[in-house]
Amino acid sequence: MSITKFLRAIVVIKILLLSHLVVAQSYSYDDIQKIRNEAFGNSSIRELAVQLTDAVGPRLSGGKGLHNACTWAKETLEGYNLYNTKLEPWGNFGKGWEMEKFYIAMKQPYYQPLIAVPQAWTGGTSGLQIADVVLVDANTEEMLLTYSGKLQGKVVITPFEKELEVSFEPLASRFTDEEIDKFGKSPEFRADPDPYMLERKRKSQAYGVSRQQLKDFCEAEGALAIIENSGSFGTVRSYGDRNGRFLDELGILTIDMTHEHYARMVRLIDRGIDVSLELDVKNRLIDDYSEGVNVIAEIPGVHKKLKDEVVMIGAHIDSWHAGTGGNDNASGVILMMEVMRILKQSGVKLDRTVRIALWTGEEQGLLGSKGWVEKHVYNFDTNEKGPEYDKISAYYNFDYGTGRIKGIFLHDNLALKPIFQDFFEPLDDLGVSLISNRNPGGSDHVMFNRIGIPGFAFIQDRIDYGRGYHTNMDTFERIQLGDLKQAAAVVATLVYQTANFPTKLPRKQLP
Ligand SMILES: [Zn+2]
């Protein structure tokens, strides 16, 4: 072989190696830099956060606030020049509920405002009322019956289950270097059932009168309202009446109240000191938005064969009504909207189509994502596959608070591990390295994992979630804008890599 031939041969081998590398890697550092430039240099996170939490406000499913949120999201995504942007119906949600007026204060033994919020889908008062509070302490139905004839026009409370204990746990923490080193290498991350939950279960089984029984009894007796103990330190965790959205009339007014104000009433009454309250509450059911919708938008893929395949991202846009759903889940919504903006604006090539879905009805049982999956992907009743079953490569979800992304959960699909080791390579300077095979649930990714499609949740720094979610204090302030910028760069990169990966991501074997 002459020298020239030899050199030529080397060049050919190099080109082969390079082209092999390009196929295997399926992403370029140049593109990832473009994504970074958009995410950190041109971020919309703050503006989106103000608009969704402060301007749109609370977003209870079935209500006008959520309708406004979906319309705002759709219009904002249209402004990013996305395709197929629409509000897509997923089924009947039932009735919405609106709070028009809420005033409550303690009148006796002294005047003081109380921190509380009515439960969704419960009723009101006819104008301003002054009412005595009755402590109903009944472990059995027989004991409950001893209150017959004593509750007309009264406000009912029950003994509280737990004393508040001082907590030495920080409200927020970041992963330490030591924790990152240890992560996944010790079995302690597979937690046993929470002993507190086991204890509660045992107690509720021992307790002979259910919440619903108490509610029915109070309603039949003509009580004015029920107050429940919910939240502490000035926060109120809000809930809704489970059945309320399918009823024609509002049920008995039920109010959630922060522990300090609730427990004081219990202690006063226990000592024979009369407690009376002033309240004026007006709530109503609405029918206008009973059809549930999700917000959908796409960036079409460009590869001849792969463009019909899809990488999905999503978060739920509904919230509870006491706050403005800052971390649960405005942070997820604005993050995923920002990812779409970054991918579009940076102009990086996407072989597969990328689709965003902003789900509704999540807080009432993942209703929007379930409805969408049933329509397009898989019918859970008949076990029939839908038209998109073979098309979706992966779904990325964000609903675990505002903390920056440290890694990913593989949800019992270890075949994904080498792929994410490779995907994480250009993300190590953003602190992304952890891979866990755990399968945490609690949000819309569950619907995809159920049918074997990789549905991802992220490992994140733990920030303010426990105290904040579902409460009156889940507001703009709970959102860490810097953390979300990092998360936007990370998710946009992973979506870009997934969209350009040679194959769809491997699916897990279903039992
Ligand atoms: Zn949530």
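**Figure 1. Burial of tyrosine 396 and phenylalanine 458 in the predicted model.** In this predicted model, tyrosine 396 and phenylalanine 458 are both buried. The relative accessibility of tyrosine 396 is 0%, so this residue falls in the buried class. Phenylalanine 456 also has a relative accessible area of 0% and is buried. Tyrosine 396 and phenylalanine 458 make a stacked aromatic pair, with 6.0 Å from centre to centre and 10° between the planes. Tyrosine 396 belongs to strand 16 and phenylalanine 458 to strand 20 (residues 458-460), so this pair links parts of the chain 62 residues apart.

Figure 2. The whole structure contains 17 aromatic pairs. In one of them, the ring centres of tyrosine 396 and phenylalanine 456 are 5.0 Å apart and the planes meet at 25°; this pair is therefore stacked. The limit for stacking is an angle under 30 degrees. Strand 16 (residues 392-397) holds tyrosine 396 and strand 19 (residues 455-456) holds phenylalanine 456, so the contact ties together parts 60 residues apart in sequence. A single aromatic cluster is formed by Tyr396, Phe398, Phe420, Phe423, Phe424, Phe456, Phe458 and Phe501.

**Figure 3. Two arginines over aromatic rings.** Arginine 462 lies over the face of phenylalanine 175, and the distance to the ring centre is 4.5 Å. In the second case, arginine 507 places its charged end over the ring of tyrosine 389, at 4.9 Å from the centre of that ring.

Figure 4. Eight strands form an open sheet with mixed pairing, in the order 3-2-10-5-6-8-9-4. Strand 3 (112-113) and strand 4 (116-118) are the edge strands; each has a single partner strand, so one side of each has no neighbour in the sheet. Strand 3 runs antiparallel to strand 2 (residues 96-108), and two bridges join them. Across this pairing, alanine 105 is opposite proline 113, a residue of strand 3.

**Figure 5. Packing of helix 3 against helix 10.** The axes of helix 3 (residues 45-56) and helix 10 (residues 326-346) are 9 Å apart, and the helices pack at an angle of about 135°. The two helices are therefore classed as oblique to each other. Their crossing is right-handed.

**Figure 6. Leucine 66 and glycine 361.** Leucine 66 is part of helix 4 (residues 64-79). With 7% relative accessibility, leucine 66 is counted as buried. Between leucine 66 and glycine 361 there are 9.8 Å in space, C-alpha to C-alpha, against a separation of 295 residues in sequence.

**Figure 7. Helix 11 and its covered residues.** Helix 11 (residues 367-376) has seven buried residues out of ten and is mostly covered. The buried residues are Leu367, Gly368, Ser369, Gly371, Trp372, Val373 and His376. For the chain of 511 residues as a whole, 53% count as buried. The chain has 15 helices and 21 strands, and its C-alpha atoms fill a box of roughly 110 × 50 × 45 Å along the principal axes.

Terms used:
Residues numbered from 1 in each chain as written. Predicted model: local features only at pLDDT ≥ 70, side-chain atom pairs only at ≥ 80, totals over all residues. Heavy atoms only, no water. Pairing = 2+ DSSP bridges. Helix = DSSP H or I, 4+ residues; strand = E, 2+ residues; numbered from the N terminus. Phe/Tyr/Trp six-rings, centres within 6.5 Å; stacked < 30°, edge-to-face > 60°. Buried < 20%, exposed > 50% of the residue type's maximum accessible area, 1.4 Å probe, protein only. Lys NZ or Arg CZ within 6 Å of the ring centre and 35° of its normal. Axes fitted to C-alpha atoms, helices over the stretch in contact; angles between N-to-C directions. Parallel < 35°, antiparallel > 145°, perpendicular 65-115°, else oblique. Left-handed = near helix turned anticlockwise from the far one by under 90°.
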